[in-house]
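Let's take a walk through a protein model together, one part at a time. Keep the 3D view open and follow along as you read.

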Amino acid sequence: MSADYADLCSALLEQCFGKVVQAVADCLFSANTRTLSQIVSSTKLSRKEVTLALAVLIKFRLVNFEPSMINAYLPEYSLKREDIICLLRYSRYIHLVQSKYGSIGASIAEELLNSGSDTATSILVKCLTNGENKSETAENYRDIFHKMITDHYIIKTPELITNEDQDELIPKFLTTECDFFVPPIIDLQLLTKIQSGEASVENAQDSAMVWNLNYDRFHQEFRDDVMKLAVERKLGENAAECFRFILKIMYNTTDPWQRVSFLTYIFVHKRLMIVALQRASNQVTFGEIKQAIEKKSKNLDLMKHLDQYIALITDDSLGFLRKVGDMGGGQYVVDMERAFESLAFACVESVITERFGSKAARIFRVIRFKKFIEQEDLQKEAMIPAKEAKSLAYNLFQEQFIHVRVIKKAGGGGSGPAKAFYLFQIKTKDTVRMLLDVCYKALYNIIRRSNYEKSEHKGLIEKSQRLDSIVETMKERGESEDYIAEIVETFTPPECEILNKVKHRIKTLSKAELTLDDTIFLLQMYQHHCTMLPTGIQKFK
Amino acid sequence: MAAEIAQLLLSVIQGIPGGATNDDLNKALSDMPAATRVEGLNILLQQGGIEVLKKGEKLIYRAKDPQKKSALPKDADNEEKVVYSIVEEGGNKGIWIRDIRIKSNLNMTQLNKILKNLETKKLIKAVKSVNASKKKVYMLYNLEADRSVTGGAWYQDQDFEVEFVDVLNQQCLRFLQMKRETAEKKRDGPLAFKQMSCCSVKDVHKFISDLGISKVNLDEDDLETILKTVVYDGNAERILQSDGAYVYRAVNMPLPAPGLVQMPCGICPVIKNCSDCGDVTAINCQYMKDWLD
């Protein structure tokens, strides 16, 4: 967690929930856990405000609470820092659901995101009353809701344990994994009753079951898209389709978020043993891929050359797929670690190309291929004149894209300068982290700039909004066209011009926000798969 | 008398290719007194017919190749001979004046004079090294300087020819891409496509030679270095063949331009200084302003 990320989170929370929540979250961000009174004293807000802010954050699953170690009656709150950036991805989540389940799914997702977490009945009632497609029946809504649960896009929040004897003040939750994706029973009759005002949401049976969107499932989809796109760009559409099937089969047996190459320490006969767990997915055999493709794909070329396409993906330098055996026509594993290392490198390289020029990118790649290299060899290998190569390499070093390792020659004594070799190298993890911080800062800048543009032209924007609503009501009342036109004209052409300019700016900024998030997502995936840093992705949070 | 002894000694020394020790000479010419032998060896040394080497504690006399016998004129003095032989040892890599001074144990002014002398006689020449522009190295006049000194085809005098390398780089890439395009048109399955889009260094060499853009003669090694730069530019891939040779093929980048560089912050040179306060902020950022308008 960096200061840049803290700034970004703060700005995001302010945008979504307002100043009070921002202050509480800022206070939590800087500490592991805080108690209510600690938050109150450090934020100087009233107890009631803080409680409300915490309730909002808990509802949106941004804050956890647990009994304190010292006092079991005292809850301690902690912020889920990694999840805050998900607030930014709401539009992407909705877009994904829209493409998978149509507008019904999109409105369900929207309501879920708006309320943070809610019961099934309440969500469906909201959809039915506010939804744009009111013509859809409640049944359709329920079916899609169920489908989204079985596809793991919606997840149940752990249920509250309600004990008869309330001996503990802090509520506890029931976490049973098998229970997370069991569709609830939704009373359709009750839904219509609520709609017509005969009953209220409180009457529903499922008030204990609270649902929300399963971000990780969405992220899995995004991640697959990134990988598929990379395969498509490099090896063509058919290979991408083939890879899509491979991923699908892989998920049958492998946890999609399995972190790669972790070591476990176990004691066997009082001796410490280090066991490396599997570094990649479980195997997928050629036979399985073939079956799946023959069943579901209509792509004749892919079927004809399936073995070749698989060989192509396996041989490619991206290293997405690895052959591990010959059983069943060939066993393959998906190597997420290699995959995201390659992709992160590609990302870093294009950033360098844009920022320092293609020659610098060449230098970066030379260092990457050679692992360690001296300045002089570097310029020879890259075929760049000595002076230019030196300045580029030093620039890259200054901006922390590359690093230097110094190897001191032993001896030398006290006399004369100590001999040392200065070797350039790339510390991928550090570079990615640095770049991620730049991304956070850039995102923060976008938000700040866009807020500034809005506040700077606040009067104008408000005026145009007022005007729009006036014109709207006048049209409803059926006033004459001339009169309406006269009202519209109170908005002068120069004002109009400025407004359009501001609108254009804000649009550009929000578009940049989305594309920037792509980069952030990619780099976060690298961190998840290639490092042991906490990334907020964990099974069933 | 002395010349005869010298001839005798020389024939014995020539008979032993690894060089003769004192014991060998003793054995072969047991009737010769030590004083005479020393006299004869001295003559030989003066004439340059043999050289003395030290192996452990023992001295070894070795015959010099008569063909390699120095091209020095007869009137050259001892210092000139020494310097000449040191330069000769340097081969086509050349030798630095400082090393000559250390080896010959001559003082700077004298050495300079001798070197100048030898240069005017066209016995040795000075070559500027590309690695360090101020560093002059000396080598025999008839030798062609090593690549490490001249830098090979990429250097005109001491200057690296950037444009030449860039043009070659572009042409190589163009060739690889052309090959890929022609392979794409034939629809023989993905593996065949991959194989067809691969080029060996030989193919590229032929293409570049036919193109006639280079006045300098480029060999395959030169083109290999150029092809490597294409790989380092991320536009091509280097694939190891089963026979140990490498082939090259043009590839696409796996990612589109990342979102970060589509906005000014991604390429901002002062992003490090950017914060809420101070001169560099998101609000009064000129880059941001240019981008938004």
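## Where the two chains meet

The contact draws 44 residues from chain A and 35 residues from chain B. On the side of chain B that touches chain A, the elements giving two or more residues are α8 (162-185), α9 (190-197), α11, α12 (264-267) and α13 (286-292) of chain B. Sorted by class, that side of chain B has 24 nonpolar, 8 polar and 3 charged residues. Please keep in mind that this is a predicted model.

## Chain A as a whole

Let's step back and look at chain A. Its secondary structure comes to 21 helices and 16 strands, and its C-alpha atoms fill a box of roughly 90 × 65 × 65 Å along the principal axes. Of the 541 residues in chain A, 35% count as buried.

What share of the contacts in chain A with a separation of 6 or more comes from residues 24 or more positions apart? The share is 63%.

## The nonpolar cores

Now look inside. The largest nonpolar core has 115 residues, and the members that touch the most others are A:Ile246, A:Ile313, A:Ile363 and A:Cys439. Helix α14 (residues 336-356) of chain A gives this core its largest share, 12 residues.

Leaving aside residues up to four places away in sequence, A:Ile246 touches A:Val284, A:Ile289, A:Leu321 and A:Val334. There is also a second, separate core of 33 residues, which includes A:Ile94, A:Leu124, A:Met148 and A:Ala204.

## Strands in chain A

Strands of a sheet pair through backbone hydrogen bonds, in either a parallel or an antiparallel way. One open sheet in chain A has 3 strands in the order β4-β8-β5, with antiparallel pairing. Its edge strands are β4 (118-119) and β5 (154-156) of chain A, and each of them pairs on one side only. Between β4(A) and strand β8 (residues 210-213) of chain A there are 2 bridges, and A:Thr119 stands opposite A:Val210 in β8(A).

Which residue in β3(A) is the bridge partner of A:Phe65? That partner is A:Tyr77.

## A sheet and a helix in chain B

Chain B has an open sheet of 3 strands in the order β1-β3-β2, again with antiparallel pairing. At the edges stand β1 (20-21) and β2 (50-55) of chain B; each has a single partner strand, so one side of each is left without a neighbour in the sheet. β2(B) and strand β3 (residues 58-63) of chain B pair over 6 bridges, and B:Lys54 has B:Leu59 as its bridge partner in β3(B).

Lying across β1, β2 and β3 of chain B is helix α1 (residues 2-15) of chain B, which runs at about 95° to β3(B).

## Two packed helices in chain B

Two packed helices are described by the angle and the distance between their axes. Helix α10 (residues 201-211) and helix α11 (residues 220-232) of chain B pack at an angle of about 100°, with axes 9 Å apart. Therefore α10(B) and α11(B) are roughly perpendicular to each other.

Technical notes
Residues numbered from 1 in each chain as written. Chains lettered and ligands numbered in written order. Predicted model: local features only at pLDDT ≥ 70, side-chain atom pairs only at ≥ 80, totals over all residues. Core = buried A, V, L, I, M, F, W, Y, C linked by C-beta atoms within 7 Å. Buried ≥ 20, exposed ≤ 12 C-beta atoms within 10 Å, placed from the backbone. Helix = DSSP H or I, 4+ residues; strand = E, 2+ residues; numbered from the N terminus. Contact = placed C-beta atoms within 7 Å. Pairing = 2+ DSSP bridges. Axes fitted to C-alpha atoms, helices over the stretch in contact; angles between N-to-C directions. Parallel < 35°, antiparallel > 145°, perpendicular 65-115°, else oblique. Nonpolar A, V, L, I, M, F, W, Y, C, P; charged D, E, K, R; others polar.
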